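User: I am new to this structure and would like to learn how to read it feature by feature. Could you walk me through it?

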Amino acid sequence: MTTLRWAAATDVGRRRRNNQDKVLAVDTLFAVADGMGGHAGGEIAAVTAVEALKASFSRDPSMDALERAVRDANRAVCDRAEGQPDLRNMGTTITAVALVDDRGDQLFAVANVGDSRAYLLRDGELTQLTDDHSVPQELFRAGQLSEAEAANDPRRNQLTRVLGMPDAEPDMQSLLPYRGDRLLLCSDGLYNEVDDGEIASVLRRVADPEEAARRLIEMANERGGNDNISVVVLDVVDDDDRAGAASAALAHESPTSRGTTTGLMSAQERNAQLRSLARDREEQPAHRPAPADEPAPPGLAMPPRRVTVRVVAFVTVLVLVVAGGVAAVAWYARGSYFVGLHEGRVTIYKGRPGGLLWFDPTVEETTPITSASLLPARVDDLEAGKPEPSLAEARRYVERIQEEAARGGGSGGDAEATTSTTAATTTTPTSPPQP
Ligand code: MG
């Protein structure tokens, strides 16, 4: 038995005087309607549609019944508008989800007319299930506008299909529910203010559906609240172990397909297998066939829950982080040189003085210069190890202290050497080094 938990909320927003949105959440039927057409018309259209949908669907909770219920709702809106001049132009979107029986199994049926949306959050990823029936989105699907152009097109409020148009056909699709799935139905008052990334973030973070719905509406209002905002958040809390059974079926059916370099199936392999498994269960995977290059309908692209993409991604990231850390330590520990003393002689080492973790310094070059021939300050420096960024720099430093020793003391070649020398040859610091 599939068990659901949900919350529904609607808000007038900050600019409109009345709320022409209508939400429905009852038993196994959920819908958002966004009415339009005059002061009263929008509200009447949305209420008429939702009531007709509910009355029609409750007689037969099946996939076909939901489609029929949307047609009934359309007829109800058209009938209501007929003969009433003030309601003549009214219409409403409708996006509905119902848990339906399908030959003993349970499916989500999704119906859509207009630009209210249904989204699915599965394994942390948000997918828009429905297509908007608006002018720019139709042009985008026809390849005449880019996604960005469509998103910013001023005609986005011009809808090509709404209930109230006698010939409006609903888009229908089905979806297998899995435990952990979260569906969101919403009107454009939400997604025109809050982008998909922010919506996904709230749906991921806020576990309680009521709290999530409240937060989404709050965010839309914070961004302006230019329209009515409606939200239904719907969680699958139990799927009758469908996810576990599907994982087991995958493991049983394809023991060899996991032998890739990562030891896991690629997403394509997995989806192909899931499609073949799902084929037996779904006579009609989607009423609206998807083009070949479009991702498989979410109901069929069911990830195995035991080893999810997120787990693989997490392990991969962890391995990369650890490997990156080791490489950084190695680079830091072995990427430089220092000049020190080895058995009383000036020696160039590769590495860090004293070593770092398990990276000990190694002798790069030895010199015949003995510590006895050096100034005491130099000996101190060398005993501590004098770091140099490269082998060439280390050699130059050795040349300088050799010349210095040959002169029997005196100023070194660079500012740093001068400072050390001054400090070493005076018992009290008297003056800053001279250039
Ligand atoms: Mg709206």
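User: How many aromatic pairs does the structure hold?

Analyst: Let me begin with the ground rules. This is a predicted model, where local features need pLDDT of at least 70, side-chain atom pairs count only at pLDDT 80 or more, and totals for chains, interfaces and linings use all residues. Residues are numbered from 1 along each chain as its sequence is written, and side-chain values use heavy atoms, leaving out hydrogens and water.

Now the rings. A pair of aromatic rings is described by the distance of the centres and the angle of the planes. Rings of Phe, Tyr and Trp (its six-membered ring) pair if their centres lie within 6.5 Å; planes under 30 degrees apart count as stacked, over 60 as edge-to-face and the rest as tilted. The structure holds three aromatic pairs. In one of them, tryptophan 6 and phenylalanine 30 have ring centres 5.1 Å apart and planes at 70°, so this pair is edge-to-face. Tryptophan 6 belongs to strand β1 (residues 2-11) and phenylalanine 30 to strand β3 (residues 29-36), so the pair links distant parts of the chain, 24 residues apart. Helices (H or I, at least four residues) and strands (E, at least two) are DSSP runs, numbered from the N terminus.

User: Which charged residues sit over rings?

Analyst: A charge sits over a ring if NZ of Lys or CZ of Arg is within 6 Å of the ring centre and within 35 degrees of the ring normal. Arginine 117 lies over the face of tyrosine 191, 3.5 Å from the ring centre. Arginine 352 has its charged end over the ring of tyrosine 332, at 3.9 Å from the centre.

User: Which residues coordinate the magnesium ion?

Analyst: Donors are N, O and S atoms within 2.8 Å of the metal (3.2 Å for Na, K and Ca); water is not among the atoms, so sites may look incomplete. The magnesium ion is coordinated by Asp34 (OD), Asp188 (OD) and Asp227 (OD), at 2.1 to 2.2 Å. Along the chain, these donors follow the spacing D-x153-D-x38-D. Aspartate 188 lies in helix α5 (residues 188-191) and aspartate 227 in the loop between α7 (209-222) and β11 (229-239), so this pair ties together parts that are 39 residues apart in sequence. Aspartate 188 is buried, with 6% relative accessible area, and aspartate 227 is buried too, with 12%.

User: Which strands does β6 pair with?

Analyst: Two strands pair if DSSP finds at least two bridges between them. Nine bridges join β6 to strand β5 (residues 94-102), and the two run antiparallel. Arginine 103 counts as exposed, at 56% relative accessibility. Five bridges join β6 to strand β9 (residues 171-175), again in an antiparallel arrangement, with phenylalanine 108 opposite leucine 175 in β9. Nine of the nine residues of β6 (residues 105-113) are buried, so this strand is largely enclosed by the rest of the structure.

User: Which residues have the most contacts inside the largest nonpolar core?

Analyst: In soluble globular proteins, nonpolar side chains tend to be buried together. A nonpolar core is a set of buried Ala, Val, Leu, Ile, Met, Phe, Trp, Tyr and Cys residues joined through side-chain atoms within 4.5 Å. The largest one has 35 residues, and those with the most contacts inside it are Leu53, Phe57, Leu66, Ile94 and Leu163. The elements giving two or more residues to this core are β3, α1 (41-57), α2 (63-81), β5 and β6. Of these, α2 gives the most, with eight residues.

Note on methods. Buried means under 20% relative accessible area, exposed over 50%, partly exposed in between (1.4 Å probe, protein chains only).
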